[in-house]
Amino acid sequence: MKYLPLVLANLRRSPLRSVLTAAAIAFAIALVCLLRSMPGALESILDYAASGSRVVVQNKAGFEYPLPYAYLQKVRALPGVVSAVSWTWYGGVYEVEKGVTFPSFATEPDQIAEVFPDWQLPPEMVESFQRHRDGAIIGRATAKSYGWEVGDRVTLRGDTFPVDLELVIIGIVPHDLSPVMLLQREYFDQALQAIGSGLDFASLFYVRVDDRARLEPLAREIDALFRNSGAQTLTESEKDYFKTMFSALDAFIAITIVVSVLVALCIVFIAANTASLSVRERAGELAVLKSMGFRKRLLFRLLIAEVLVIALVGGAAGALGSFLITLGLHGAATGLMPQLGPLGSFVITRAIAVQGLFLAVFIGMIAGAVPSWGASRRGVAETMRELF
Amino acid sequence: MLPLRYSVRSFWERRSRSALTIAVIALVVLALGLLSGLVTSLQASTRAAGSPKNLIVLRKGATSDGASALPLQAYQTIRFFEGIARGRDGEPLVSPEFLVQPFGATRAGERESVLVRGVESAAFEVHDDIRIVLGRALQPSSGEAIAGRAAASRYLGAEPGGRMALGNASYTVVGVFEADGSALESEIWVDARELANDVKRPSPYSSLRIRLAEGADADALMRRIDSDARFTLASSLESEYYEKQAASAGALYIVVGGLALLAGIGAAFGATNTLYATVQARTREIGTLRALGFSRAAIASSFVLESVLIAFAGFAAGAALAWLAAQIVSAVVGQVPLFGMGSASLISIRVGIVDLAFAFALALAIGVGGALLPALRAARLRPIDALRKG
């Protein structure tokens, strides 16, 4: 400890270089921390968005394939099913030039609160949704991005269905990650009947199960029930259902990992280079210290301590920086820019920050070890001769 | 002026340190090159799918042909509008198409949404860049399918003679097609009516592709389609449509691009820093050169030249690595499914000149920035002070 002032004084000898090296390490650590938080962010989005007590039923052929509406009653009758609703993709377009900007589905208002207790729909909203034939409820983020409030009238244009629907916003869902607009199935059905078709199918069913442990068996039961029917079903937990949608992001994740590994490698090279430079510059000084009686071991420690201080400062700055970035994203996503949506769920946990610091120390060790070792071992006479 | 040889030999004299700096610059170039290569490959393949000689007609408000539905009457009416080219059989070149994404299986045995396009015979004349490279074209109403080159390598059974289970149906694959590397190569093509029957969608078409007649007034035709009161349609030039799709695909990459930028800046910092330190450590040498009578400008330019040499070597190594990595990915992984335009497209990564341009600029900036300041500063010292230093 008593040598700390010496270490710090050495660092001040070339302040710009020390700061730049620390900054490079800070960048690397911030990047690694952000990337490390990515799987956690995805997982937390899934946990938040998907309840552990729901399964999703869809046509085994794909999302665009219709699920016979009659199946819903059969699913509701199964033992262990608390309640079930159908969702039918409407694909309403609000601004023609932008296309579909939020998902809109038709559903049954009477059971929606039972299937989605985690949305915490106020009873009066549910009651109002049942009463207003043309009513719609919409996720908070989506409502905010359009500045919609309860009572606003919104006209949507169908993209795959040739009907336009006039809707009244009667409730805003207090759930951050659900961008969905839900409208009455009956209203949608009548609009389709008016042009000579009608709705005898759904896109998917949300089924709430009484016992989480029965989720998988029930999913298999539902698929077995319709195995020999016209349309086979594919039933999976809500989390798995969302995971399939997220799997489109696999390539992104792979790319970011490759990039971050390359960058971490870069930083090790850079730090090693800087350390070896600063050691070489001081060869004479080290020889003097040695001839004054400083031991090899102590010199080695002093040199590596220098690199470690830089690494620690850089690591701490990086971890803090990444934390501030996620804080900013979260603030923006829940406040001014709800369209950032999931980007707001990146969270730098204490564990990730500590791992970042450890990585910084590790980089410092690797980078500092070789040159410090070499310098501490070099003979005094030899060095002096080289220098003078 | 200091001789060029001075820079080169100095570079060689410090080869182990130079090698470290080269390695750092090479890694930065590799990362940036690969990333940029990925994005531009995706955009290029999307853009290549559009032709300025074709129109695409969608339902108004639909932004992609996967999310559109057209009534049969719209097709039957528009076919006889003016300004449409005629095919070999004298029929108007209007290709009604139907895009669905049923589940299919990859060769690795995973469930994935597959882009399946239902077509009629006009499709092959309207999309005139389609070439059957293996097997033959599909016959209507016979349960046959052809696979794009990228799709053929990814999906189970997508080779001539194979069978593909898509949605509720199963198709016999009779051929493989190429489309100048465009996004169409990610698709499986089947008979439009068979596909519509399988999905049980009331209207069998999601979009129309129209080949414009030679010298026809495209704007007039588009106005006529868009303003027809019987349908609510929107038409645009196919090239413009895909241009828009490519732009929206790019938006998804902002996150990744942001991270890469952060990485690039960090690494550039470090590389500049090491060069800076290297030059600073040579203060005494600079003093000697000054004492020998070389001008400040001569010394500074010689040092800058040396570090630019290092930067170039790093760039060359990084570019070679990026090219190699792209080749290896293509050979080992094959087509990378990328989420771009509302659906996954299969991309083979290519790293081109354009992708390396930014990396080149960065390497040059590192080289000049890392040497100019410290060299100037050292050269400004009185020779006697510089000689005493270090």
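Tutor: Let us begin with a definition: helices and strands are DSSP runs, a helix having at least four residues and a strand at least two, numbered from the N terminus. The model before us is a predicted one. In chain A, A:Pro103 lies in the loop between β4 (92-93) and β5 (104-107).

Student: Why is A:Pro103 called partly exposed?

Tutor: A residue is buried with 20 or more other C-beta atoms within 10 Å, exposed with 12 or fewer, and partly exposed in between. A:Pro103 has 17 other C-beta atoms within 10 Å, and therefore it is partly exposed.

Student: What does A:Pro103 touch, leaving aside residues up to four places away in sequence?

Tutor: A:Pro103 touches A:Pro179 and A:Val180. By contact we mean C-beta atoms within 7 Å. As for A:Val7, it is 96 residues from A:Pro103 in sequence and 60 Å from it in space, C-alpha to C-alpha.

Student: What makes B:Ser141 exposed?

Tutor: B:Ser141 has 9 other C-beta atoms within 10 Å; the cut-off is 12 or fewer, and therefore B:Ser141 is exposed. Its place is in the loop between β6 (131-135) and β7 (144-148) of chain B. B:Ser141 also has a positive phi, about 50°, although it is not a glycine.

Student: What makes strand β11 (residues 207-211) of chain B mostly covered?

Tutor: Five of its five residues are buried. On one side stand B:Ser207, B:Arg209 and B:Arg211, and on the other B:Leu208 and B:Ile210; these are all buried, and both faces of β11(B) are covered. In a regular strand the side chains alternate between the two faces of the sheet.

Student: How do you know that β11(B) pairs with strand β1 (residues 54-59) of chain B?

Tutor: Pairing requires at least two bridges. Four bridges join β1(B) to β11(B), so the two strands pair, and they run antiparallel. B:Asn54 has B:Arg211 as its bridge partner in β11(B). Strand β2 (residues 94-100) of chain B is likewise joined to β11(B) by four bridges and runs antiparallel to it. There, B:Ser95 stands opposite B:Arg209.

Student: Which strands of the ten-stranded open sheet in chain A are called edge strands?

Tutor: The order in that sheet is β4-β7-β8-β6-β9-β5-β3-β11-β1-β12 (chain A), with mixed pairing. Its edge strands are β4 and β12 (233-237) of chain A, as each pairs on one side only. Within the sheet, five bridges join strand β1 (residues 54-59) of chain A to strand β11 (residues 204-209) of chain A, and these run antiparallel. A:Val57 stands opposite A:Phe205 in β11(A). Helix α8 (residues 215-225) of chain A lies across β1, β11 and β12 of chain A, running at about 175° to β12(A).

Student: Which residues of helix α6 (residues 192-199) of chain B are buried, and why are they said to be on the same side of α6(B)?

Tutor: The buried residues are B:Ala192, B:Glu194, B:Leu195, B:Asp198 and B:Val199. They cover an arc of only 165° around the axis, which puts them on the same side of α6(B). What covers them includes β2, β5 (116-119), β9 (169-178) and β10 (188-191) of chain B. After α6(B) comes B:Lys200, with a positive phi near 60°.

Student: How many residues does each chain bring to the contact between the chains?

Tutor: Chain A brings 45 residues and chain B brings 52 residues. On the side of chain A that touches chain B, α10(A) gives the most, with 18 residues. By class, that side has 30 nonpolar, ten polar and five charged residues.

Technical notes:
Residues are numbered from 1 along each chain as its sequence is written. Chains are lettered from A and ligands numbered from 1 in the order in which they are written. This is a predicted model: local features need pLDDT of at least 70, side-chain atom pairs count only at pLDDT 80 or more; totals for chains, interfaces and linings use all residues. Two residues are in contact if their C-beta atoms, placed from the backbone, lie within 7 Å. Ala, Val, Leu, Ile, Met, Phe, Trp, Tyr, Cys and Pro count as nonpolar, Asp, Glu, Lys and Arg as charged, and the others, Gly among them, as polar. The arc is that of the directions from the helix axis to the C-beta atoms. Axes are lines fitted to C-alpha atoms, for helices over the stretch in contact, and angles run from 0 to 180 degrees between N-to-C directions.
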